[in-house]
Amino acid sequence: MPFYLPDLQYEVTALEPHIDAATMVIHHSKHHQTYVNNLNSAVAGTLADNISIEHILNSVSSYSSVVRNNGGGHYNHSFFWQILSPNSTINPSGVLAKAIDYSFGSYEKFKSDFTASAINRFGSGWAWLYIDKKGLLKICSTPNQDNPLMDVVPEEHRGIPILGLDVWEHAYYLHYQNQRPKYIEAFWRVIDWGFVEQKYEQYCNIKN
Ligand code: MN3
């Protein structure tokens with residue numbers, strides 16, 4: 001099977017009280033595992049079982065909706081687990097901090113725009129900070145398990161994601177019930193900005 005569930009790099013209790021252990025266990029071992037299983041079944045015996053998930057998503061319009069939904073689900077969650085950390089720093093730093101200031105005016109403005117994007121996503125989906133075609137940082141939200149890598153999202157929302165927030169109810173309902181804004185507020189306390197900076201710097205290094 002080409003795709004597998006990655007291990008969490010921290011204990012399931014490590015993000016408490018911001019993200020509770022029961023949510024982490026179900027989200028990782030049930031929801032994410034199901035995306036992996038469905039994706040593996042969908043690509044079994046096809047050419048896609050030898051292609052990276054990023055490449056599949058870049059041309060996902062030529063695949064079935066099963067691959068779009070579960071391939072997106074697998075990529076997004078693998079990414080999300082790495083963004084989270086019990087050793088969160090409050091703010092981004094270095095070149096990423098400068099790029100955020102350049103694109104949004106200030107970190108506070110970026111934070112409120114991203115929060116609004118996550119709150120206003122109707123139903124299930126994700127909020128993203130991504131690098132657009134011109135190399136600028138942008139915010140968007142996508143429905144279901146879509147993301148900026150996919151060729152099916154609107155052109156202006158395409159790019160390289162460096163921060164993502166899962167706003168499906170399964171990501172917060174056990175602990176926060178209907179209060180999505182409280183979950184989003186908690187998210188800011190468990191972001192590994194070192195990881196996000198690394199993603200941004202990788203892009204800058206490739207470009208230069
Ligand atoms: Mn999820």
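I started with the manganese ion, whose donor residues are spaced H-x49-H-x88-D-x3-H in sequence. I'm working on a predicted model, where local features need pLDDT of at least 70, side-chain atom pairs count only at pLDDT 80 or more, and totals for chains, interfaces and linings use all residues. Residues are numbered from 1 along each chain as its sequence is written, and side-chain values use heavy atoms, with hydrogens and water left out.

**Metal site.** I looked up the ligands: His27 (NE2), His77 (NE2), Asp166 (OD) and His170 (NE2) coordinate the manganese ion at 1.9 to 2.1 Å. Donors here are N, O and S atoms within 2.8 Å of the metal (3.2 Å for Na, K and Ca); water is not among the atoms, so sites may look incomplete. His27 sits in helix α1 (residues 21-43) and His170 in the loop between β3 (160-166) and α6 (173-176), so this pair links distant parts of the chain, 143 residues apart. Helices (H or I, at least four residues) and strands (E, at least two) are DSSP runs, numbered from the N terminus. Are His27 and His170 buried or exposed? Both are buried, meaning under 20% relative accessible area, with exposed over 50% and partly exposed in between (1.4 Å probe, protein chains only).

**Leu137.** I checked its contacts (heavy atoms within 4.5 Å). Leaving aside neighbours within four places in sequence, Leu137 touches residues including Leu96, Ala99, Phe104, Ile162 and Tyr200.

**Helix pair.** Val95, Leu96 and Ala99 in α4 meet Trp193, Val196, Glu197, Tyr200 and Glu201 in α8.
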